[in-house]
Amino acid sequence: MFGNKSSRGGQTVVDTLIGAQVVIRGDLLFSGGLYVEGRIIGKVVAEDGAAATVTLSERGCIEGEVRAPVVVINGQLNGDVHAGERVELAANARVQGNVHYQVVEMSAGAQLTGRLIHAGTVAALPSPGLRAVDEEAPEGLAVGA
């Protein structure tokens, strides 16, 4: 009915539907399949360890951070996305924020105002406060302190 794939046998599984006329102000904690046609103003977070998918429809809007294993966006999202497994940016996706991902699929027409950040790159970057010891540092000067 909704046209998107999920991890359960290729069928879309919707446990929770936020209808087109619904506006939620506040954080939302969920598990399973969440399909958003309305508007959420607040964080959308999947329960820890739960199999969960957030699908934002073409008419849907989320103003806040999204954290889930699978995130499918085809509407307006203003906030950072943290997907533990996969992010799909469909043709009508409009994202203003950074997208943290393991795997990303981006269709022609999707718009992202922010950065794509692979989950593995964060651990590989040095801490901003630390730098390598410079051999030419003057005596008595502690480099990196």
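Hi everyone. Let me start with a cut-off: buried here means under 20% relative accessible area. By that rule Glu37, at 17%, is buried. Please keep in mind that this is a predicted model.

My topic today is the salt bridges, and the structure holds 5 of them. I'll walk you through some of these.

Let's stay with Glu37. Its side chain meets that of Arg59 in a salt bridge, at 3.6 Å from N to O. As for accessibility, Glu37 is buried, whereas Arg59 is exposed, with a relative accessible area of 60%.

Now please turn to Glu65. The side chains of Glu65 and Lys43 form a salt bridge too, with 3.9 Å from N to O. Glu65 sits in the loop between E8 and strand E9 (66-73), and Lys43 in the loop between E5 and strand E6 (44-46), so this pair also links parts 22 residues apart in sequence. Is Glu65 buried or exposed? With a relative accessible area of 18%, Glu65 is buried. Lys43 counts as partly exposed, at 38% relative accessibility.

Glu65 has another partner as well: its side chain meets that of Arg67 in a salt bridge of 3.0 Å, N to O. Which residues do the shared partners join? Lys43, Glu65 and Arg67 form one network. Within it, Arg67 is partly exposed, at 37% relative accessibility.

Thanks, everyone, and I'm happy to discuss.

Conventions. Residues numbered from 1 in each chain as written. Predicted model: local features only at pLDDT ≥ 70, side-chain atom pairs only at ≥ 80, totals over all residues. Heavy atoms only, no water. Salt bridge = Lys/Arg side-chain N within 4 Å of Asp/Glu carboxyl O. Buried < 20%, exposed > 50% of the residue type's maximum accessible area, 1.4 Å probe, protein only. Helix = DSSP H or I, 4+ residues; strand = E, 2+ residues; numbered from the N terminus.
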